[in-house]
Amino acid sequence: MSNYETILIERRESVAVLTINRPDKLNALSSKVHVEGVQILDELRNDKEVRVIVIKGAGEKAFVAGADISEFAEATPVEQRDVMNSRSLFTVLDTFPKPIIAMVNGFCLGGGNELAMACDIRIASEKSRFGQPEINLGIICGGGGTQRLTRLIGESKAMEMILTGDMIDAQTAFNYGLVNYVYSSEELEAKTMELANKIAEKSPVALQMSKEAVKFASRSNMDEGLRREIDLFAICFSTEDKQEGVSAFLEKRKPVFKGK
Ligand code: COA
């Protein structure tokens with residue numbers, strides 16, 4: 001794969017671990033991180049060897065402490081709109097055909113929390129802190145925060161977080177349903193990789209269809225969602241993976257899925 005300045009890529013068998021690598025700026029999302037993130041995901045999209053992606057932040061302090069505020073100083077509305085629209089890392093993550101796990105190891109703020117929410121599963125260390133502090137800068141969320149946070153944790157709690165800009169701790173994030181698990185810093189990586197490896201063994205086609213169907217649930221009404229689910233379910237019947245999964249069950253063996 002190509003080399004990137006702001007994101008490190010490491011392959012661990014069928015899991016690709018992406019590390020946002022600006023620790024001296026608490027991994028703030030510069031426009032370069034957005035551009036490189038989208039390029040990396042475009043490379044990984046077609047890479048059959050990679051079945052699951054884990055995203056983390058470099059260093060001990062932060063996952064991502066938000067958009068790079070220094071870039072806001074000079075940005076015009078039109079430029080800012082273009083960054084969010086045409087190079088939106090959030091949208092690429094959200095619609096990516098493979099599962100993505102955010103491994104949150106510290107501050108997860110603003111665009112960082114929006115990035116984590118655009119992923120499919122969030123796992124946090126005990127010391128993590130979550131928030132949407134945009135209000136303190138006189139602006140609002142622009143990477144999906146008002147929409148995804150509200151859908152994940154409900155309007156009352158999302159409203160409070162967004163209107164106050166206050167941070168919540170990892171246990172509160174777990175209680176709210178914002179994160180799936182909370183582990184000690186020592187356990188975080190091993191537990192995250194355990195989950196990533198478990199998912200990586202499933203059929204890549206079925207994973208893609210599952211992700212699309214689940215994401216559709218909060219974007220449609222029940223009848224449309226049920227119809228979409230049936231279509232995606234039916235597509236699975238055209239795959240070798242479905243033959244393999246059913247045969248393996250009947251033959252009492254472990255399936256080996258190829259993503260075909
Ligand atoms: N954009 C740009 N730089 C950022 C940043 C961001 N979102 N968050 C942190 N940094 C930089 C700091 O400016 C500092 O750089 P410097 O050493 O060159 O001065 C460095 O990262 C370390 O941050 P610092 O503020 O010194 O760490 P801290 O432990 O005192 O505070 C935070 C940590 C997260 C509370 C604080 O950095 C913060 O509030 N960051 C902004 C969060 C935010 O508003 N995000 C939403 C943006 S829309």
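A salt bridge is a side-chain nitrogen of Lys or Arg within 4 Å of a carboxyl oxygen of Asp or Glu. This is a predicted model, in which local features need pLDDT of at least 70, side-chain atom pairs count only at pLDDT 80 or more, and totals for chains, interfaces and linings use all residues. Residues are numbered from 1 along each chain as its sequence is written, and side-chain values use heavy atoms, with hydrogens and water left out. The structure holds 15 salt bridges.

- Asp-42 and Arg-45 form a salt bridge at 3.7 Å, N to O.
- Both residues lie in helix H1, three residues apart, about one turn of the helix; helices (H or I, at least four residues) and strands (E, at least two) are DSSP runs, numbered from the N terminus.
- Asp-42 has a relative accessible area of 41% and is therefore partly exposed; the class lies between buried (under 20%) and exposed (over 50%), using a 1.4 Å probe and protein chains only.
- Arg-45 is also partly exposed, because its relative accessibility is 30%.

- A salt bridge joins Asp-68 to Arg-22 at 2.9 Å, N to O.
- This pair is 46 residues apart, with Asp-68 in the loop between strand E4 and helix H2 and Arg-22 in the loop between strand E2 and helix H1.
- Asp-68 and Arg-22 are both buried.
- Asp-94 forms a salt bridge with Arg-148, with the closest N and O atoms 3.7 Å apart.
- Asp-94 is in helix H4 and Arg-148 in helix H6, 54 residues apart.
- Both Asp-94 and Arg-148 are buried.
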